[in-house]
Amino acid sequence: LIFIAFDATIPSFAYNEIDLAKFKALNACEGCDLNEANLSGAYLHGANLNGADLSGVNFSGATLSTANLSGVDLSGATLEDAKIRYANLSDAILEDANLSGADLSGADLSGATLEGAKLVGANLRFANLEGASLVGADIRGADFRGANLSGADLSGTNLNSAKLSDTNLSDVNLSGADLRGADLHGVDLRTTNLYEAYLRDANLSGVDLRTTYFSKANLSGVN
């Protein structure tokens with residue numbers, strides 16, 4: 001007897017295909033498993049994905065404005081150049097996510113975890129990041145003007161050339177942060193921790209520094 005073996009490769013998906021179909025049909029799928037799905041360029045304005053597993057999802061160039069993304073897992077996801085204006089991302093997990101160039105203006109990121117995330121050139125104007133953790137994040141050139149960062153942890157972040165004027169930085173941890181060339185004009189830093197922060201050539205004009213913790217900070221060339 002001769003046995004002939006056939007290698008029938010069955011495509012496998014990390015995400016749940018039924019969940020993905022449901023989401024595409026309804027623009028809503030709370031608690032769904034869309035892990036590693038490709039939704040680049042998709043128009044998902046006002047989508048409801050509360051508590052969903054979106055880890056590794058490709059949302060590059062997608063529109064997620066006003067979407068409910070509260071408590072979602074977006075770790076390792078790609079949201080480069082995505083439009084996420086006024087979205088609810090409270091308590092979301094965005095560890096190691098790529099949000100470079102994304103528009104997050106007015107978004108609610110309170111309590112969110114963005115450790116190791118990439119937000120180069122992102123727009124976070126008037127966003128709420130109260131109590132968020134951005135430890136080790138790359139935030140070069142990001143625009144935080146008018147944002148609320150009170151109680152956030154930005155230790156070890158790269159904020160080189162970031163725009164932080166009129167930002168609420170009360171009780172923020174910026175220890176070891178790279179703030180070279182950052183614009184902090186008019187910011188209240190009285191309760192901010194800047195231990196070992198690098199502030200070379202930063203703009204601190206009009207800043208209240210009366211009780212700021214500056215131990216071992218580099219202030220060369222500060223305006």
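## The tyrosine pair

Tyr195 counts as partly exposed because its relative accessibility is 26%, and Tyr213 falls in that class at 45%. The classes rest on relative accessible area: buried is under 20%, exposed is over 50%, and partly exposed lies in between, using a 1.4 Å probe and protein chains only. Please keep in mind that this is a predicted model, in which local features need pLDDT of at least 70, side-chain atom pairs count only at pLDDT 80 or more, and totals for chains, interfaces and linings use all residues. Residues are numbered from 1 along each chain as its sequence is written, and side-chain values use heavy atoms, with hydrogens and water left out.

How many aromatic pairs are there? The count comes to 1 aromatic pair. The ring centres of Tyr195 and Tyr213 are 6.0 Å apart and their planes meet at 15°, so the pair is stacked. For the rule itself, rings of Phe, Tyr and Trp (its six-membered ring) pair if their centres lie within 6.5 Å; planes under 30 degrees apart are stacked, over 60 edge-to-face, and the rest tilted. Tyr195 and Tyr213 are 18 residues apart, and each sits in the segment after helix 1 (17-26). Helices here are DSSP runs (H or I, at least four residues), numbered from the N terminus.

## The disulfide

Next come the cysteines. The structure has 1 disulfide, which joins Cys29 to Cys32 with an S to S distance of 1.4 Å. The cut-off for calling a disulfide is a pair of cysteine sulfur atoms within 2.5 Å.

## Salt bridges

Across the whole structure, a search finds 6 salt bridges, each being a side-chain nitrogen of Lys or Arg within 4 Å of a carboxyl oxygen of Asp or Glu. One of them brings together Asp103 and Arg85 at 3.5 Å, N to O. Both residues lie in the segment after helix 1, so the pair ties together parts that are 18 residues apart in sequence. Arg85 is partly exposed, with a relative accessible area of 35%.

Asp188 also forms a salt bridge with Arg190, their closest N and O atoms being 2.8 Å apart. Here Asp188 is partly exposed at 33% relative accessibility, and Arg190 is partly exposed with a relative accessible area of 33%. Another salt bridge links Asp201 with Arg200, where the closest N and O atoms are 3.8 Å apart; Arg200 is partly exposed at 39%.

Notes
Helix = DSSP H or I, 4+ residues; strand = E, 2+ residues; numbered from the N terminus.
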